[in-house]
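Biologist: Hi, I'm new to this one. Could you walk me through it?
Modeller: Happy to, let's bring it up.

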Amino acid sequence: MWTLFLSLRYFFAKRREGIISLIGFISVIGVALGVASLIIVLSIMNGFDGEIKNKIIGTYAHIMIFKDEGIEDPAEIINLSEAIPGVEAGAGFITGQAIIRKKDTVIGILLKGIDPAAESRVSKVTSYIGPDVNELKGDNIILGSELMKNENISLGDYVEIIVPYSMVDQEKARLKVIGSFTSGRYDYDANMAILDINSARKLFRTKDTVTGIGLKLGDGMKVAEIKEKLQQVLGYPYMIKSWMDLDKNLVKALALEKKMMFIILALIVIVACFNISSSLIMMVMEKTRDIGILKAIGASSWGISSIFFLHGTLIGSIGVAIGGAAGVFLAKRINLVLGFVRNTFGLDLFPNDVYYFTEIPVRVGYVDVCSIISVAMILTVLAGIYPAYKASRLDPVEAIRYE
């Protein structure tokens with residue numbers, strides 16, 4: 001107990017050398033800033049990660065089944081798939097490249113034919129469209145909101161859809177734009193058009209064949225196991241792709257970015273730990289006479305090292321506690337902070353038209369918070385080991401002689 005008492009006394013005592021107190025204060029602030037920054041940034045990245053994955057899963061089914069030249073018996077494949085535990089529903093779709101023309105404007109698009117009732121069970125596409133999806137039949141079509149904006153197309157306009165097979169062989173259809181959809185993904189909203197699956201069959205000449213089958217799973221994050229089972233059940237020539245496969249680079253980039261941000265921001269904590277170590281070394285030099293007296297009256301080397309080790313741990317603990325509390329507090333209120341900056345200084349740090357979100361998505365992962373706090377505490381504890389060891393090695397006679 002006496003070691004803890006002395007470490008607390010040294011922590012709160014006024015120093016002869018003010019620079020040591022200043023370095024100790026900077027160390028606390030440095031640890032706090034590092035921990036808070038890590039929590040805030042990783043919480044924002046968790047939020048973005050979750051939102052982007054939700055948008056990907058919303059625009060795609062969890063798992064898609066394809067086959068060269070199309071799937072001739074979609075009902076049978078859906079029944080086989082739904083028999084696998086974890087698969088909740090399936091729906092066939094037709095997709096392919098097409099050309100959309102309005103007056104003199106011509107642009108290539110991705111055309112997707114769906115059965116609205118079946119599609120609503122496997123993806124969020126119909127919810128992006130809204131009530132207009134009930135009118136998706138016959139000569140009607142629904143376009144992405146960005147596509148309509150870019151090509152100056154309005155609701156009620158007629159557009160011509162062309163599917164070319166050769167220079168002289170083309171399928172054409174004049175369709176009425178009855179609605180739009182906004183999925184939150186610019187590439188999807190700027191290049192996609194949706195129509196009834198029967199209309200798509202006529203344009204792509206598929207008869208009863210579908211391009212693929214989308215499946216909804218009970219848990220969209222557990223696709224690997226079910227994907228493998230599907231491949232075993234269906235075999236060649238069926239190809240099974242998950243939503244992760246279709247956006248593999250994006251998913252990997254998000255994971256890599258999160259790891260790199262953790263490493264970069266952890267350097268702030270490491271620098272602060274060097275400050276803790278340097279302040280403890282200077283404190284050992286300042287307290288040389290005290291160390292000599294304590295050793296002379298019987299204090300052990302272990303006791304001496306414990307005083308300075310506890311002192312460093314105390315500095316680190318205060319910094320970690322302040323940083324942890326501030327990080328969680330600010331992370332949950334980051335949009336309020338941005339609103340204050342926007343209203344006070346007129347700076348829009350998160351424009352909606354660029355990031356496609358109305359506000360910054362934040363998800364405080366308490367596993368991440370605990371990991372950050374644990375790593376920071378370990379680093380601050382390690383920072384105190386060497387100064388504590390040096391203090392324990394001082395010779396009491398030499399320490400008192402030059403004081």
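Biologist: Which residues lie nearest the centre of the largest pocket?
Modeller: Tyr60, Thr95, Leu110, Tyr188 and Met192 do, out of 14 lining residues. A pocket here is an open set of points on a 1 Å grid over the protein atoms alone, where a 1.4 Å probe fits, with protein on both sides within 12 Å along at least five of seven lines; lining residues have an atom within 4 Å of a point.

Biologist: Before we go on, what sort of model is this?
Modeller: A predicted model: local features need pLDDT of at least 70, side-chain atom pairs count only at pLDDT 80 or more, and totals for chains, interfaces and linings use all residues. Residues are numbered from 1 along each chain as its sequence is written, and side-chain values use heavy atoms, leaving out hydrogens and water.

Biologist: Back to the pocket, which elements give two or more residues to its lining?
Modeller: Those are β1 (63-71), β2 (87-102), β3 (105-114) and α7 (186-189). Helices (H or I, at least four residues) and strands (E, at least two) are DSSP runs, numbered from the N terminus.

Biologist: And how many salt bridges are there in the whole structure?
Modeller: The search finds nine. Each is a side-chain nitrogen of Lys or Arg within 4 Å of a carboxyl oxygen of Asp or Glu. One of them joins glutamate 160 to arginine 101, with the closest N and O atoms 2.5 Å apart.

Biologist: Where do glutamate 160 and arginine 101 lie?
Modeller: Glutamate 160 is in strand β5 (residues 158-164) and arginine 101 in strand β2, so the pair ties together parts that are 59 residues apart in sequence.

Biologist: What about lysine 149 and glutamate 146, how are they placed in helix α6?
Modeller: They sit three residues apart in helix α6 (residues 145-150), so about one helical turn separates them.

Biologist: Is glutamate 146 buried or exposed?
Modeller: Buried, because its relative accessible area is 9%, and buried means under 20%, exposed over 50%, partly exposed in between (1.4 Å probe, protein chains only). Lysine 149 is exposed, at 59%.

Biologist: New topic: where is proline 361?
Modeller: Proline 361 is in the loop between α15 (352-355) and α16 (366-383), and it counts as buried at 9% relative accessibility. Proline 361 and glycine 47 are 314 residues apart in sequence, yet their C-alpha atoms are 4.6 Å apart in space.
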